[in-house]
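Subject: Structure handover

Hello,

Here is the structure I promised to pass on. Please open it first, then read the notes below.

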Amino acid sequence: MFTRIDYYAGDPILGLMDKFAANTNPRKVNLGVGVYYDENGKLPVLECVKEAEQRIANPISPRPYLPMEGLAGHRKGCQELLFGRDAQILKDGLVATIATIGGSGALKIGAEFINQWFPHAKCYVSDPTWGNHIAIFEGSNVEVGKYPYYDKATGGIKFDEMIAFFDTLNKDDIILLHPCCHNPTGVDLTKEQWDTVLTVIQKRGLIPFMDIAYQGFGEDMDSDAYAIRKAVDMGLPLFVSNSFSKNLSLYGERVGGLSVVCATADEAKRVFGQLIFGVRRIYSSPPTHGGRVVDIVMNDEALHEQWISEVYSMRDRIKSMRLKLKSVLEAKIPERNFDYLTKQNGMFSFTGLTPEQVERLQSEFGIYMVSNSRLCVAGLNTSNVDYVANAMAEVLKA
Ligand code: LMR
């Protein structure tokens, strides 16, 4: 019956976790999946989350079905984080927000909505992008194209090419954008560049879909949302998918949100209805636990403040690892420029290593990064950074 079923080659990012687990090298280092590990190489449980968990556990409460859209406090938390607490669009009821099963769930519900209501639209993703962007949209029968983004020659952005490309697209085409901490390159647009991108989007009647999975890991919570808030100020229709996996260190709880900014409260009501109908058809309603944690942390003033400072200390530790990796590599290979390491933002660094060099790091040194040369800086710490830098230098010099 099933012999005609294709084998699955495995996911290029998640598959690395299994390979890493199977490696017996005591010095092995996991720089593959986008996960923040602390200075001791451990996955942290944030203090604000511990407190929220205590409140949830005491007393242990029943687990009803949540509404299809998730908990009101979770949704409010997403909205205030993305658009700002005092955003007029929130007061005016212009944003349809649902809690989702991680950022991936938000992308999926958004892609289904686009396929149903904008069947003529194509979705354009940056070249390169997070591989699952393409898989999720194609999986919802939305045709996917690529727009010029990363410039290998300069380590920057092919900005003029990108703008010229947007200027050829059709009304309602979807532009998938990373507001901060671009995955996989770590190369972000400046505020001025965002203004230009959004102006061409507006001029051509395109629809921005912003996927923000690393808010707080770039500059700060508000600056990282610059593109989102600018699009709102310009009166653009806008999809935003957000994830709490990294900034709440709640990877396995699968908590995120999907927000659609509309022109009127009536539009927002229609869109909201179709989003929850989409949820109903795919998984009915989200789980309770992660949503409760988000609700508590986002809506308790003291815990929220504590959360922000915990995110910033993760951000700062990553930045210090960038500096350290750069300084060792510069000392080892003075003729090569490693400035990219400190110019890039967020968890990732695009190193430009060839697939063969990445493979050598894995087989000889037990160092895992994605084959496209993406290195997760958040997996470095003071105990492994020299080892990684020396190994990188060795494969680069060969
Ligand atoms: C990543 O890019 O490594 C993360 O977003 C995890 C994932 O699901 O791929």
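A residue counts as near a molecule or strand if one of its heavy atoms lies within 4 Å of it. By that rule, the residues around the ligand are Ile13, Val33, Gly34, Trp130, Asn183, Tyr214, Lys246 and Arg374.

Two points on the source. This is a predicted model, where local features need pLDDT of at least 70 and side-chain atom pairs count only at pLDDT 80 or more, while totals for chains, interfaces and linings use all residues. Residues are numbered from 1 along each chain as its sequence is written, and side-chain values use heavy atoms, leaving out hydrogens and water.

**Ligand**

A backbone N or O atom of Gly34 is 2.6 Å from a ligand oxygen. For the side chain of Trp130, an N or O atom lies 2.9 Å from a ligand oxygen. For the side chain of Arg374, the distance is 2.8 Å. The ligand has 260 Å² of accessible area on its own, and the protein covers 83% of that (Shrake-Rupley method, 1.4 Å probe).

**Sheet**

Helices (H or I, at least four residues) and strands (E, at least two) are DSSP runs, numbered from the N terminus. Strands pair if DSSP finds at least two bridges between them. An open sheet of 7 strands runs in the order β2-β10-β9-β8-β7-β3-β4, with mixed pairing. β2 (95-101) and β4 (144-148) are at the edges with a single partner strand each, so one side of each has no neighbour in the sheet. Strands β7 (residues 174-177) and β8 (residues 207-212) run parallel, joined by 4 bridges. Ile175 has Pro208 in β8 as its bridge partner.

**Helix pair**

Axes are lines fitted to C-alpha atoms, for helices over the stretch in contact, with angles from 0 to 180 degrees between N-to-C directions. The axes of α2 (residues 47-57) and α12 (residues 301-332) come within 8 Å and cross at roughly 145°. Contact means heavy atoms within 4.5 Å. Glu47, Cys48, Glu51 and Arg55 in α2 meet Leu303, Gln306, Trp307 and Glu310 in α12.

**Backbone**

Most residues other than glycine have a negative phi, and most peptide bonds are trans. Pro128 is in the loop between β3 (123-127) and α6 (131-139). Cys181 is not a glycine, yet has a positive phi of about 50°.

Best wishes

Technical notes. Polar contact = N/O pair within 3.5 Å; in protein donor to acceptor, adjacent residues only side chain to side chain.
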